[in-house]
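Subject: Structure handover and findings

Hello,

Here is the structure for you to look through. Please keep it open while you read the notes below it.

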Amino acid sequence: MDKPAQLQAGGMRLSEKKKDFLFLAVLILPALLLLLFTIGIPILKSLYLSFFDVSLLSMKTQTWNAFGNYKKLFADQELVHAIGVTFRYVVTVVFLQFALGMMLALILNGKIPFRRALRTVILIPWVIPTIIGALLWMWLFQPQYGVMNFILQRLELIGKPLQWLSDIHLALWAVTIAALWKQLPFMVTMLLAGMQGIPGEMYEAAMIDGAGKRQQFFHITLPMLKNTIKTVTLIACIENFKMFPLFWIMTSGGPVNATTTLSILSYKTAFIDLDLGKGAATGALWLVIMLLFSWVYNRLFAIGEGKGGAAH
């Protein structure tokens, strides 16, 4: 091939790369613009307001106070309490989701009767709107005629009806149970999908080598599900960090702030106390905590990956 032909071929390759780049840009740009207007701008506006004294009753009057809102938050014990409640709730519900989700996924992945029907039925709580689910569980936890107290009394596990949503020791557990019921199908579905992607030959080879079910689980299933577990548990953590509907509908952050999470505190500060500046500061700290948590979580899952790759 002569030199002009080579230059022309090189130009054609460059032109094709440009076309591919433009095509990808056209596909991605609408999504980026949508994210900018629905997420980016509100976040920047919230961060901006967090440095001002702003009341919901006088939005036009905005007085710069530097870090005044943040100083008030750290001087107030409500923020520390809300952070503690949030982490306690998130750790509890995600741990229970993963443990129960793994057990149910293992059962549904086995050869059991009506397996396909059970896989469909287990999705019902997931498709029910969160508001409807919250109202349903409020009825189940109702002290006088709620089903939960009726069952526990019939089983003679309790002597008198429990005040599930008005007891400072039980309210958070009540919301946790409702959240677990609502979100468990997602965990089961994702883990089950991961299990079905594991080649059956690996289990057959393990059985030939004399490995039992327990050894197969710890040496094949869990390692092969590592990426799935990382993704689904991180999604569950983020989902519960920003959980608002269940808490607000079922308890409104009570009793005595026993279920006041960061989302409830931010809402109350901004729209009940009408202090938009302080509410925006709460939201900004909430965002920072979520980002730090996600970063630490990913770092923990990355431990050993580099060494394994280098060894390989």
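First, the ground rules. This is a predicted model, in which local features need pLDDT of at least 70, side-chain atom pairs count only at pLDDT 80 or more, and totals for chains, interfaces and linings use all residues. Residues are numbered from 1 along each chain as its sequence is written, and side-chain values use heavy atoms, with hydrogens and water left out.

Salt bridges

The structure holds 3 salt bridges (a side-chain nitrogen of Lys or Arg within 4 Å of a carboxyl oxygen of Asp or Glu). K72 pairs with D275, with the closest N and O atoms 3.8 Å apart. K72 sits in helix 2 (residues 68–75) and D275 in the loop between helix 13 and helix 14, so this pair ties together parts that are 203 residues apart in sequence. Helices here are DSSP runs of H or I with at least four residues, and strands are runs of E with at least two, numbered from the N terminus.

D76 pairs with K278, with the closest N and O atoms at 3.5 Å. D76 is in the loop between helix 2 and helix 3, K278 is in helix 14, and 202 residues separate them. K278 counts as buried because its relative accessibility is 16%, while D76 is partly exposed at 23%. Buried means under 20% relative accessible area, exposed over 50%, and partly exposed in between (1.4 Å probe, protein chains only).

K242 pairs with E239, with the closest N and O atoms 3.4 Å apart. K242 is partly exposed at 41%, and E239 is partly exposed at 36%.

A buried lysine

K182 lies in helix 8 (residues 171–196). K182 is buried but has no salt bridge. Its nearest side chain of opposite charge, E239, is 8.4 Å away (Lys and Arg count as positive, Asp and Glu as negative; His and the chain ends are not counted). What lies 2.9 Å from a polar atom of the K182 side chain? The backbone oxygen of W126 does.

Beyond four places in sequence, K182 is in contact with P125, W126, V127, I128, P129 and T130 (contact means heavy atoms within 4.5 Å). P125 is in helix 5 (residues 124–127). P125 is buried, at 12% relative accessibility.

Cores

The largest nonpolar core has 61 residues. Such a core is a set of buried Ala, Val, Leu, Ile, Met, Phe, Trp, Tyr and Cys residues joined through side-chain atoms within 4.5 Å. Residues with the most contacts inside it include Y89, M102 and F141. Helix 8 gives the largest share of this core, 13 residues. Another core lies apart from it, with 6 residues, among them F52, V54, L276 and A280.

Helix 13

In helix 13 (residues 262–272), the buried residues include L262, I264 and L265. The buried residues of helix 13 pack against helix 3, helix 12 (245–250) and helix 14 (276–302). L274 follows helix 13 and has a positive phi, near 65°.

Hairpin

Strand 1 (residues 52–55) and strand 2 (residues 58–64) pair in the antiparallel sense over 3 bridges (pairing needs at least two DSSP bridges between the strands). They form a hairpin with 2 residues between them. D53 stands opposite T63 in strand 2.

Best wishes

Key: Polar contact = N/O pair within 3.5 Å; in protein donor to acceptor, adjacent residues only side chain to side chain.
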